[in-house]
Amino acid sequence: MKLSELKKEKKFKVSPLYALERKNNLKALIIFSVIAAILVFITVAMFNLMEDTLKMLEGMFENNPELKDQIAELIGSQNIATYFVLQAGQMWGLLGIIYAAFLGCKLVGGNLKDGSYEMLYTQNVSRTKIVLNKFVRLVINLLIFNAICGIFGLVGMLIWGYGQFNVLNYFAYWLFLIVMSVQAGAISFAFALFGKRKYTTFLSVVVAVAFYFIAYLGLAGSNFEFLSYLTPFAVVLADVVNSGLGVVNYWSLAIWTIIPIILMFFAIKNFKNTDIV
């Protein structure tokens, strides 16, 4: 066999897996990306409507000075940058973490569910290489998902909030959303490697939603601030678009960058040394 043919054969053993995962997960990528992007765009478009509604309510309660003052304070505290984080950003982040968890689990569990693992893991390719190919597909899909959402969000912000927000802050927030989704996807991927058949896509979504609610509870008051360290979603709630990078909890961000790396290391090691089923 010629050297060129040998290289071609080696390449062939990995490339079909990569292409297969792309094909198998394309539909979910399109559905999640389109739904999330449209919702982000519509939410940004509703900012002016919300502001007009609050002003109308302010006029309706002329005879109630206390309530009127509360509404006026609410109107004064609202700007499109903060609104984006509180509404559109959280929509984007929630769908992103659900998609990341779902995909991370499905990439591992899909072969176990349809029985194709028997063929896949008996090929002359190491389990590590197969797993890393799947993980690369996870990261690429999450990058595509966030790119689509980010573009739709930016277009909406430029249409309805041009000059009212810092574009660099928007891109920083965009980056944090990408990081958060990759963290959540890696955690789900690692759990699926550990749990195999036992870790289902339903369970992975439950974990993702739990991360979301824990982050929200962390905003309930100073007594609950510690919860922001227990979830990667905390960075999504930081008002980066309006206030800049200073509001980010970098300790939490660092913790939830290290945890997926450690989980992935031990999950791959465990997966290599145990029976697949």
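Apart from neighbours within four places in sequence, Asp239 is in contact (heavy atoms within 4.5 Å) with Ala81, Thr82, Val85, Gly244 and Val247. Asp239 sits in the loop that joins helix H9 (201–217) to helix H10 (240–243); helices here are DSSP runs of H or I with at least four residues, numbered from the N terminus. Its relative accessibility is 18%, so Asp239 counts as buried, where buried means under 20% relative accessible area, exposed over 50% and partly exposed in between, with a 1.4 Å probe and protein chains only.

This is a predicted model, in which local features need pLDDT of at least 70 and side-chain atom pairs count only at pLDDT 80 or more, while totals for chains, interfaces and linings use all residues. Residues are numbered from 1 along each chain as its sequence is written, and side-chain values use heavy atoms, with hydrogens and water left out.

The cysteines come next. Cys105 is buried at 2% relative accessible area, and Cys149 is buried at 0%. The whole structure has zero disulfides, a disulfide being a pair of cysteine sulfur atoms within 2.5 Å.

Aromatic rings form 21 pairs. Rings of Phe, Tyr and Trp (its six-membered ring) pair if their centres lie within 6.5 Å, and planes under 30 degrees apart count as stacked, over 60 as edge-to-face and the rest as tilted. One of the pairs, Phe41 with Phe152, is edge-to-face, at 6.4 Å centre to centre and 85° between the planes. Phe41 belongs to helix H2 (residues 26–45) and Phe152 to helix H7 (residues 127–160), so this pair ties together parts 111 residues apart in sequence. Phe41 is partly exposed at 24%, and Phe152 is partly exposed at 35%. Phe265 and Phe266 also pair edge-to-face, with 5.1 Å between centres and 85° between planes. Phe265 is exposed at 52%, whereas Phe266 is partly exposed at 45%. Elsewhere, Phe84, Trp92, Phe165, Tyr170, Phe171, Tyr173 and Trp174 make up one aromatic cluster.

What is the volume of the largest cavity? It is about 50 Å³. On a 1 Å grid over the protein atoms alone, a cavity is a set of points where a 1.4 Å probe fits but cannot get out, and lining residues have an atom within 4 Å of a point. Helix H5 (80–114), helix H8 (167–195) and H9 each supply at least two lining residues, and H9 gives the largest share, four residues. The lining includes Ile97, Ile187 and Phe211.

Key
On a 1 Å grid over the protein atoms alone, a cavity is a set of points where a 1.4 Å probe fits but cannot get out, and a pocket is an open set with protein on both sides within 12 Å along at least five of seven lines; lining residues have an atom within 4 Å of a point. Grid points are joined across faces, edges and corners, and a volume is the space filled by probe spheres set on the points.
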